[in-house]
Every structure is written in structure tokens, then in C-alpha cells.
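Student: Can we go through this one together? I'd like to start with how the strands pair.

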Amino acid sequence: MKISVLGCGRWGSFIAWYQATQLKNQVISWGPQGDYSYEILKNTGKNDYVTLDKSITLTCDLKYAVTESDVIIISISSQGLRGFMKKITAHPVKDKIFVLCMKGIETHTGKRLSEILIESGIEKDKIAVWVGPGHIQAFTQGIPNCMVIDSYNQELTRYIADNFKSNLIRFYYGNDIIGTEFGAAAKNVLGIAAGVLDGSGYVSLKGPLMARGAYEVGKLIQAMGGKFSSAYGLAHLGDYETTLFSEYSHNRRYGEMMSQGHKFDKLAEGVMTAKAMKELGDKYKIELPITNAVYEACFLSNPFESGDGANSCMQIILKLFDRETKSEF
């Protein structure tokens with residue numbers, strides 16, 4: 001297959017490495033000129049995660065990247081996707097297959113990422129998403145994991161999953177694009193909450209966090225037209241280990257450092273997803289107590305300015321214990 005991977009940060013560089021070394025596909029890796037992630041690969045041929053295989057073509061020419069391949073995989077910051085699609089659709093991409101290997105909800109619209117592609121003019125049946133558990137540091141050590149491919153088109157789902165599978169990644173066929181996309185984005189919010197618990201010494205509360213977090217996410221997925229059970233699949237609950245416990249999780253680390261009054265300087269998609277989820281919860285009239293607590297901790301508590309992050313964040317989390325007693329399900 002001819003594959004172009006747009007975005008050469010942490011996941012983008014791994015995807016290019018995976019496609020070239022594990023699947024032996026023809027791979028183009030694209031990044032914007034001047035961007036740190038692109039320049040480090042251009043100058044050294046490697047980053048903190050992978051060494052680019054010599055068969056990979058590294059370029060900053062977007063037109064070349066999107067016209068030379070049959071399948072275009074996008075892995076960038078979710079909030080920049082809509083603007084990026086304007087650049088992509090300036091080129092002839094009508095017949096291309098798009099795979100989104102990224103997680104998030106557009107903050108100012110509440111739209112899922114595949115919806116942004118559709119609104120940008122990409123045909124619905126040519127859009128797939130690739131999500132699920134796994135850390136690059138583990139994959140590159142040969143430690144396998146399971147992930148999921150989903151789309152609006154079951155033929156496309158099977159085509160991508162069957163052609164992307166290897167001994168390193170076992171793929172499952174998704175059958176709920178709403179639940180898969182939303183569940184994948186929402187788990188990052190739970191990751192921030194887990195980090196706050198880690199940083200404040202309340203690690204034993206991760207059990208209730210996982211049980212109640214998946215439940216509230218399932219309720220919102222259902223209200224949005226997806227399947228409640230999707231919250232318990234690989235895209236959400238199945239990704240908790242890598243998001244709520246792993247030292248490599250950016251979202252968990254963001255919450256941990258926030259609880260200690262420090263800022264984490266790398267991308268944590270859960271911050272903006274918490275804002276989007278809060279607004280969606282209000283829109284659909286779904287109670288999201290954990291999500292709202294994370295939103296308050298990130299946007300309203302000012303833990304960095306107060307210098308008392310642990311007290312500020314934990315007071316918000318502990319307020320959940322003041323809620324009235326109710327049936328579990």
C-alpha cells in the first residue's frame with residue numbers, strides 16, 4: 001500500500017515506522033517546515049521514540065504527500081484539524097482514503113473528528129478512525145496490544161483493519177463510529193482525573209473512577225446516538241491502563257503535575273476535551289460529575305497561580321463525595 005502519514009510528532013512518527021517496518025508499505029512522512037518534530041527527524045533521522053526506516057520518504061511538501069499515496073493517515077492536535085483540512089482539500093484528494101489516528105472533540109462545536117472531515121468535503125464512506133490502547137515505547141520494544149478500526153462503512157473498516165494488522169497490533173472491527181470516536185477522546189479526561197489522584201495520594205480511588213467514569217461516558221455516548229456499551233470497549237475502558245496508570249500517559253502526567261501546582265509542557269488532549277464534554281453534557285442534559293470536576297480543575301481552579309495545586313484539585317474531586325446517594329445503575 002502507498003501510505004502518507006501527516007504529522008510526525010509522537011504518534012505520527014510511530015505510525016510511519018510501523019507502516020514501513022512491520023507492514024512493508026511505501027510510506028511518506030509529512031511535517032510542516034520549521035516544526036520541531038519535523039526538523040529533528042530531518043536532521044537526525046530519529047526522535048525520542050523511533051528511528052525512521054530508510055525506506056520512508058520525509059517531506060514538508062503537503063501536495064506531494066496527499067497526492068502520491070492511496071491512504072492518508074492524519075495524526076495531529078485535534079483542535080487544529082479543521083484548519084488543516086482546508087490545506088489538504090486544496091489538492092485533489094477526492095479518491096483518497098482518510099484514517100484518523102488521533103483523539104479529541106472540537107471544543108467550539110462539540111464535533112467528532114470524522115464529522116470535521118465530512119464538513120470539509122471528504123466523502124463519509126472514505127473516512128476511518130484508528131484508536132485504542134498502546135504506548136509507542138512498548139510497541140517499539142515488541143510488546144503487542146489490541147486496537148480498533150471503525151468507520152461509517154463496514155467494508156472500509158474491514159479493509160483497513162485487515163491490511164494494518166500484524167503480530168504487534170491485533171485489530172478489531174468497530175461497529176459504532178460515534179461511540180468509538182467519543183470514547184477514545186473521553187478517556188483522556190479520565191486520565192487527567194487519575195493523575196490528580198496520583199499526585200494527591202488518593203490512588204485507591206482509581207477503582208471508582210474507572211467504574212463511574214465509564215458509566216457517565218456511556219450515558220453521553222448513548223444520548224449522542226451511539227451505543228452505551230461502546231464505553232466498555234477498546235476505545236475507552238480498554239485504554240484505561242495506558243491512560244490512567246502508565247508513566248507514559250501525557251494526560252495522567254498533566255493531572256499529576258497540576259495537582260502539585262506545576263504545568264506539564266506537552267500536549268494533553270484531555271484538557272480541551274473536558275471543556276467540550278461539559279458543553280455536550282449540558283446540551284444533552286446528561287450528568288457528568290467526573291468530567292465536570294476535571295473541567296473545573298483545569299479551567300476554574302487556577303492551581304498554577306495559587307501555588308496550592310494539591311489542595312485546589314483535591315477539593316474539587318472530593319466534592320463528588322457530597323453528592324446524594326443513588327442507585328449504582
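Tutor: Helices and strands here are DSSP runs, helices being H or I with at least four residues and strands E with at least two, numbered from the N terminus. The model is predicted, so local features need pLDDT of at least 70 and side-chain atom pairs count only at pLDDT 80 or more, while totals for chains, interfaces and linings use all residues. Residues are numbered from 1 along each chain as its sequence is written, and side-chain values use heavy atoms, with hydrogens and water left out.

Student: Okay. In which sense do β6 and β7 pair, and over how many bridges?

Tutor: Antiparallel, over four bridges. Strand β7 covers residues 145–151. Two strands pair if DSSP finds at least two bridges between them.

Student: What holds paired strands together in general?

Tutor: Strands of a sheet pair through backbone hydrogen bonds, either parallel or antiparallel.

Student: And β5 with β6, parallel or antiparallel?

Tutor: Parallel, over three bridges. Strand β5 is residues 97–100. Val99 has Ala128 of β6 as its bridge partner. From β5 the chain passes through helix α5 (residues 113–119) to β6, in a right-handed β-α-β crossover. Right-handed means this: with the strands pointing away from the viewer, the path from the first strand over the helix to the second runs clockwise.

Student: Which residue of β6 does Leu100 stand opposite?

Tutor: Val129.

Student: Now β6 itself. How many of its residues are buried?

Tutor: Five of five, so to speak: strand β6 (residues 127–131) is mostly covered. Buried means under 20% relative accessible area, exposed over 50%, and partly exposed in between, with a 1.4 Å probe and protein chains only.

Student: Which residues sit on which side?

Tutor: Ile127, Val129 and Val131 are on one side, Ala128 and Trp130 on the other. Both faces are covered.

Student: What about the faces of β5?

Tutor: Both are covered too. Ile97 and Val99 lie on one side, with Phe98 and Leu100 on the other, and all are buried.

Student: How does β4 pair with β5?

Tutor: In the parallel sense, over four bridges. Strand β4 is residues 71–74. Ile73 has Val99 of β5 as its bridge partner.

Student: Zoom out. What is the strand order in the sheet?

Tutor: The order is β3-β2-β1-β4-β5-β6-β7-β8. That is eight strands in an open sheet with mixed pairing. The edge strands are β3 (57–59) and β8 (169–173), each pairing on one side only.

Student: New topic: helices. Why is α11 called largely enclosed?

Tutor: Because nine of its 10 residues are buried, α11 (residues 250–259) is largely enclosed by the rest of the structure. Among the buried ones are His250, Tyr254 and Met257.

Student: What comes just after α11?

Tutor: Gly261, with a positive phi of about 80°.

Student: Which residues other than glycine have positive phi?

Tutor: Lys24 is one, with phi near 60°. Lys285 is another, with phi near 55°.

Student: Where is Lys24?

Tutor: In the loop between α1 (10–21) and β2 (26–30). Lys24 is exposed, with a relative accessible area of 66%.

Student: And Lys285, buried or exposed?

Tutor: Exposed, at a relative accessible area of 73%. Lys285 lies in the loop between α12 (270–284) and α13 (289–299).
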